[in-house]
Amino acid sequence: MSELVERYQKIRDEVNNLSKENGRNVCLIAVSKTKSIESIVELYQSGQRDFGENYVNELEKKSTDSLIKSQCPEIRWHFIGHLQSNKVSRILSRVENLQSIQTIDSIELAQQLNKHLQQQSRKLQILLQIKTSNEEQKSGLSPENFLHVFNEINSNCQQLIFRGLMTIGSMDNVNNDDDSDFRVLIRCRDDLIEKSEIPIDQIELSMGMSNDYQRAIRAGSTIVRIGSSIFGSRA
Ligand SMILES: *Cc1c(COP(=O)(O)O)cnc(C)c1O
């Protein structure tokens, strides 16, 4: 067995065990940005189906690659990077097997996606990205403001299927073994339940990466996005 598959199986089993403790399924997304087609195929052959990418061009290339298309027919791609509005048309018209966009961070972006999806007569799963820390460089909706965007999607963006909330934990939290970013996301989820009456089991919480996924699952994550711990560090 290759080292890649060994690392993958170890993490997959750990995620499954932790999720049993939580009494809820946790979806593992293998974040393959900068990693090769061959390693994606290798993980697919070990059973992995959900993969995450950050850049539209790279995702387009990988999702339409002939090896991926022949070897990985049931692959599900998740977009987890910042989506610029000038890439909306491209991601929707060129990427294949796009399962979700996890990084909706404005009403304008939601409306634009909705308009393009309407023209294609299809729907797409989305998550709202919440900025749960004060780190300047991060994008995302504020915890005070996201309900406004949720309401707009709910009433005016019928092609968008709301699946949940996503956040990137701050390095500060990682270094201090601190749950506060995750708690902010959970509080947003609870606000949403109160205002929308969506049942709790229909709201995904996408939180947890290589450095904090165990802690995220213990805090209530339902989707973890893991890259370097599976594929090795990125150059
Ligand atoms: C790169 C990335 C990940 C994976 O990060 P690792 O630390 O390599 O596990 C997860 N989520 C997002 C949004 C990312 O950009």
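The model is predicted.

**Ligand site**
- The ligand is surrounded by 13 residues, and the closest are Lys33, Asn54, Ser210, Gly227 and Ser228.
- The side chain of lysine 33 has an N or O atom 2.8 Å from an oxygen atom of the ligand.
- The side chain of arginine 225 places an N or O atom 2.9 Å from a nitrogen atom of the ligand.
- Glycine 227 takes part through its backbone, where a polar atom is 2.8 Å from an oxygen atom of the ligand.
- On its own the ligand exposes 390 Å², of which the protein buries 92%.

- Nonpolar side chains tend to be buried together in soluble globular proteins.
- Beyond its neighbours within four places in sequence, leucine 128 is in contact with several residues, including Ile104, Leu141, Phe146, Val149 and Phe150.
- Gln102 and Gly164 are also among the contacts of leucine 128.

Note on methods
Residues numbered from 1 in each chain as written. Predicted model: local features only at pLDDT ≥ 70, side-chain atom pairs only at ≥ 80, totals over all residues. Heavy atoms only, no water. Contact = heavy atoms within 4.5 Å. Near = heavy atom within 4 Å. Polar contact = N/O pair within 3.5 Å; in protein donor to acceptor, adjacent residues only side chain to side chain. Areas by Shrake-Rupley, 256 points an atom, 1.4 Å probe, with all protein chains shown as cover.
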